[in-house]
Amino acid sequence: MKQIFLLILLLIFLISCSNNNSEVIDYKDNNLSNGGVLINAMSAEPSNLISMIAGDSASSAIASKIFNSLIRYDENLNFTSDIAESWKISKNQKTITFKIKKGLEWSDGVPLTSADVYFTWKLITNPNTRTPYGADYTLVSEAKIPDEHTFIVTYDQNYAPALDTWASLEILPKHILENEDINSTFFSRKPIGSNYYKLGDWISGQQVNLIKSDNGVLGAPHIDKLTSRIIPDTSSQFLELSAGNIDLMNINPIQFKRVFPAKPKLKRRTELYKEMGNGYTYLGFNLNKKPFDDKRVRQAINYAINKEEVIKGVLLGLGEPISSPYKPGTRWNNPSLKPYAYSPKKALSLLKEAGYKMSGNNFLVKEGKALEFEIITNQNKQREMTAVLIQRRLKEIGIKVSIRVIEWASFVNRFIKTGNFDVVVLGWSLSLDPDQYNIWHSSQQGPGQFNFVGYHNEKVDLLLEKGRRELDLDKREKIYHEFSKHLLEDSPIVYLYAGYGLTAVNKRIKGIKMPAPPAGIYHNSYNWYIPKSLRRNEFTDK
Amino acid sequence: MLIGISLISFFIMHLAPGDITSSEASFNPKASEESRQKLREFYNLDKPVIIQYGLWLKRMVKLDFGNSFASHQRPVLWEKKDNNGNVIKGLIQESLPITLLINLIGIFLIFSISIILGTISAVKQNSIVDRSITFFIFVAFAIPGFWLALLLMYWTGVLNQWLPISGLHSLDYKNFSEIGQFLDLLKHLILPVSISMLSGLAGISLYVRNGMLDVLHQDFITTARSKGLEEKTIIFTHALKNAILPLITIIGLSIPGLIGGSVITESIFAIPGMGKLFYDSVLMRDFPVIMGILTIGSVLTLLGTLIADIGYAWADPRIRKGLVK
């Protein structure tokens, strides 16, 4: 007993002597200077730094700082120069000529020329390359390099998403990879790139260190070293951020709305950023199944779901309702479209029109069959919560809904691929190019293809085909505004919300644009800097 | 025996729907179904399971564990050299040492602490000390590890900055001397080892306690006491030796556990160990890695049982004699 008593005393003593070294740092210092280290946290380890093969977001986050594309998106999501200083589309819209900047170098000093671009195109279209992204580039019927600074591609048919595909293809060095097998090369762990950072070292499972490259295509960055620590658990990331050991992490709505405001000390040294995210969540109907083949039923369910409530409940208000599959604020988004307002009355009258009657026990019935279905979704907390909120609202108007949550691989293979589902809650990305052919064209319904809801509308098919062939931006905009209108009217899916991307950054990092531009806070990361007085001292010497 | 185990594991693994091409990242409209089919052909995933098993067995006979699907063809077990002299480390090769280290320290601590606690509570049976020890080990057993881990991380890492929160090394550990690096590693291991140790205490200490109680009630102890031997000698030389005999079996059986890490502990503390490797490869359906870990695990299980039997015979003359007969 005595020992335990002593132990408790000791514990109390230990707790009480927690040191209060609340060093007061003045974050007002804004003097731009080069140097310093930025430490961020990522949840998963990159699999491979050749992004045409990797495909996971951790890999592309690192690879995009090492490699360049021909062109890139600027902060307002328009194209701007990267490796290519300019590009020209021919009159018949079938040929694109890229002029490559002069005097470019790989980080090992070898010149970067059109030969590297041509090599990369050859590589991604080579059937032996294990890349899932080759299809877009095989549409090029002819690629030419008349000189070191020109790269010309010709398409059989004009292909409007072409520029977007060239903005996402990272150019690889020919002089290193020429005689390598791209599928197993060591280059994926020791890449030589052309961008403002190069790989310092990579400690498996622990951290990836990038150091600045002085001969990058976009010039040198201000911050000398980027350390990405691999911390799978977000609570641990948060503790590291609280202790000041990391500078940057992605956070969730609860941390943004509840945790940070409750911790004034932490709040004082952290800036929270909010930007339009890259994806949206929807409720998708299986249009090949009754009763979802009836537009009125789909619209009724759309009216019966309170999107504002879902955004408040699931995202704590950190999201927006959408009415087209494009980022709000970009030109592809049709501003005249409004989401279906919450109206159980309208829902009920539509269902009555479709032949449903309220039965004695408050459920809708048609021809002796109750209106009931199952919502399936994968193991994703936000989607699960969304499904529960929808279940409740639908019950109010007499629809019986059950929910099933399934592990991802089973979800895709047993339900999505086979078309064996009623309704799903899932997400799509808000792609930068407006082309949505793979998702909505009626020809894309085979197993493993992406129009798995089975949407078929001839007008939409036509628009999607036209949109792919039109390179004139203004004409293209009209086409996709029209497409969004039909899609909203037909309601094959219910747009639920587009959540914000939330990031917490230590205030020592300066140069981040607030409020975030459409491209997000990272787009100018080479302009970020850390004033001398705010650097961690253990890293400044050396 | 091994073939049976591997055959069963192989089939169970393939019962789960999906393969490497159905990861969440590949659910991307930019990735076409044809290219996924192509990938499946590359990895022979389009062939019947029994043929895939045959191919795997053919490689295993040469002790070739193959290459991982998910991490760009990294070798599963051991490093390989490419034509340019770059060494590509194996996945298991990189994850195993740290998991072994944590588990060895853990088991050593569990056994030493449990023997002490178990002996104390047996000797002072039903006293308040016994009761509080039992209470303590059961609380330790019942506390959710991740919860306690987070609390401890917050207390020792954020509030007081005594211990590092996560990871295995400090960021600047390369500038340390070798001893410094080792101490740095130990410092990072304090929390993960204590957390993974806590839940193990309960079982072993109760084993020791009950074994000890059994022995203490036997005739030869009474004889020893009547001979006038000191109580200390009786407990430590005569009783304890007999009481911890069954532990040999437990040690033997825990050998396969040495290579398995806890996913939760490893994720929270950001330790790239075997638990995380196995968990991730199951989620990614990275078949060569799954099979590699399962095979090593089953070899170790068989070995462990053998070692336990041999160790028992070595320690206990009664069993040795039984064997000779």
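This is a predicted model: local features need pLDDT of at least 70, side-chain atom pairs count only at pLDDT 80 or more; totals for chains, interfaces and linings use all residues.
## A guided reading of chains A and B

A:Lys265 lies in helix H10 of chain A, a helix that spans residues 264-269. A:Lys265 counts as exposed because 9 other C-beta atoms lie within 10 Å, where the limit for an exposed residue is 12 or fewer. Along the sequence A:Lys265 is 23 residues apart from A:Ser242, and in space the two are 9.2 Å apart, taken from C-alpha to C-alpha.

Just after H12(A) comes A:Leu316, which has a positive phi of about 50°.

The sheets of chain A come next. In general, the strands of a sheet pair through backbone hydrogen bonds, in either a parallel or an antiparallel manner. One open sheet in chain A has four strands, arranged in the order S4-S5-S7-S6 with antiparallel pairing. At its edges are strand S4 (84-89) and strand S6 (140-144), each of which pairs on one side only. From one strand to the next, the twist averages 15°. Within this sheet, strand S5 (residues 95-100) and strand S7 (residues 150-155) of chain A run antiparallel and are joined by five bridges. In this pairing A:Thr97 faces A:Ile152, a residue of S7(A). Helix H4 of chain A, residues 114-125, packs on the sheet and touches S5, S6 and S7 of chain A. The direction of H4 makes about 30° with that of S7(A).

Another open sheet of chain A consists of three strands in the order S15-S16-S17, again described by antiparallel pairing. Strand S15 (357-358) and strand S17 (369-370) are the edge strands; each has a single partner strand, so one side of each lacks a neighbour in the sheet. S15(A) and strand S16 (residues 364-366) of chain A run antiparallel, with two bridges between them. One residue of this pairing is A:Met358, whose bridge partner in S16(A) is A:Leu364.

Chain B has 325 residues, of which 33% count as buried. Its secondary structure consists of 14 helices and two strands. Along the principal axes, the C-alpha atoms of chain B fill a box of roughly 85 × 60 × 40 Å. Among the contacts in chain B with a separation of 6 or more, 65% involve residues 24 or more positions apart.

The two chains also meet: 50 residues of chain B are in contact with 50 residues of chain A. On the side of chain B that touches chain A, two or more residues are given by each of helix H2 (33-42), helix H5 (128-142), helix H6 (145-159) and helix H11 (263-268) of chain B. H6(B) provides the largest share of that side, six residues. By class, the side of chain B that touches chain A has 22 nonpolar, 18 polar and ten charged residues.

Key
Residues are numbered from 1 along each chain as its sequence is written. Chains are lettered from A and ligands numbered from 1 in the order in which they are written. Two strands pair if DSSP finds at least two bridges between them. Two residues are in contact if their C-beta atoms, placed from the backbone, lie within 7 Å. Ala, Val, Leu, Ile, Met, Phe, Trp, Tyr, Cys and Pro count as nonpolar, Asp, Glu, Lys and Arg as charged, and the others, Gly among them, as polar. A residue is buried if 20 or more other C-beta atoms lie within 10 Å of its own, exposed if 12 or fewer, and partly exposed in between; C-beta atoms are placed from the backbone. Axes are lines fitted to C-alpha atoms, for helices over the stretch in contact, and angles run from 0 to 180 degrees between N-to-C directions.
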